[in-house]
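Hello,

Here is the structure I promised to pass on. Please look it over first; my notes follow below.

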Amino acid sequence: MNKDKLLRRVSALALSAHELRLFLDTHPNSGEALSMFNEYKKKYEAAKDEYEKQFGPLTLNGYNTDEWLANPWPWDNAAN
């Protein structure tokens, strides 16, 4: 899957999970909504992990700071 398509998928799954979470705020006893939320959260995590493996981190939490200490630095590669 190309970068743009995968990023759109990650965004769509994040929005779906967020909307379900908001629904659960007003309908906390909905087992169906909770099940759907867990399903979309799992799909989001899988898509996010796939994106980060191929193209790098999406959020600050996805950064591995050890990589920053390694040479060459990312902008050094772009200059070559």
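In which helix do Glu 52 and Lys 48 both lie, and how many residues apart are they? Both are in helix α2, 4 residues apart, which is about one turn of the helix. Helices here are DSSP runs of H or I with at least four residues, and strands are runs of E with at least two, numbered from the N terminus.

Some ground rules before the rest. This is a predicted model, where local features need pLDDT of at least 70, side-chain atom pairs count only at pLDDT 80 or more, and totals for chains, interfaces and linings use all residues. Residues are numbered from 1 along each chain as its sequence is written, and side-chain values use heavy atoms, with hydrogens and water left out.

**Salt bridges**

A salt bridge needs a side-chain nitrogen of Lys or Arg within 4 Å of a carboxyl oxygen of Asp or Glu. Side chains of opposite charge can pair when their charged atoms come close. The whole structure holds 2 salt bridges.

One joins Glu 52 to Lys 48, at 3.6 Å from N to O. Both of these residues are buried. Buried means under 20% relative accessible area, exposed means over 50%, and partly exposed is in between (1.4 Å probe, protein chains only). Lys 48 has 13% relative accessibility, so it counts as buried. Beyond residues up to four places away in sequence, Lys 48 touches Val 10, Leu 58 and Thr 59. Contact means heavy atoms within 4.5 Å.

The other bridge pairs Glu 39 with Lys 43, whose closest N and O atoms are 3.1 Å apart. Glu 39 and Lys 43 also both lie in helix α2, 4 residues apart, about one turn. Glu 39 is partly exposed, because its relative accessibility is 38%. Lys 43 is partly exposed too, at 35%.

Lys 43 lies over the face of Tyr 40, 5.4 Å from the ring centre. The rule for a charge over a ring is that NZ of Lys or CZ of Arg is within 6 Å of the ring centre and within 35 degrees of the ring normal.

**Helix α2**

Helix α2 covers residues 31–55. Just after α2, Gly 56 takes a positive phi of about 105 degrees.

The buried residues of α2 are Ala 33, Phe 37, Tyr 44, Ala 47, Lys 48, Tyr 51 and Glu 52. They pack against α1.

**Nonpolar cores**

A nonpolar core is a set of buried Ala, Val, Leu, Ile, Met, Phe, Trp, Tyr and Cys residues joined through side-chain atoms within 4.5 Å. The largest has 6 residues: Leu 6, Val 10, Leu 13, Tyr 44, Ala 47 and Tyr 51. The elements giving two or more residues to this core are α1 and α2. Apart from it lies another core of 5 residues, among them Ala 17, Leu 24, Ala 33 and Phe 37.

Leu 6 sits in helix α1, residues 3–26. Its relative accessibility is 0%, so it counts as buried. Leu 6 and Tyr 51 are 45 residues apart in sequence, but their C-alpha atoms are 6.5 Å apart in space. Setting aside neighbours within four places in sequence, Leu 6 contacts Met 1, Ala 47, Glu 50, Tyr 51, Gln 54 and Phe 55. Ala 47, counted the same way, contacts Leu 6, Arg 9, Val 10 and Leu 13.

Phe 37 is in helix α2. At 17% relative accessibility, Phe 37 counts as buried.

**Aromatic pair**

Rings of Phe, Tyr and Trp (its six-membered ring) pair if their centres lie within 6.5 Å; planes under 30 degrees apart are stacked, over 60 edge-to-face, and the rest tilted. The count is 1 aromatic pair. The rings of Tyr 51 and Phe 55 have centres 5.1 Å apart and planes at 50 degrees, so the pair is tilted. Tyr 51 is buried at 6%, whereas Phe 55 is partly exposed at 33%.

Best wishes
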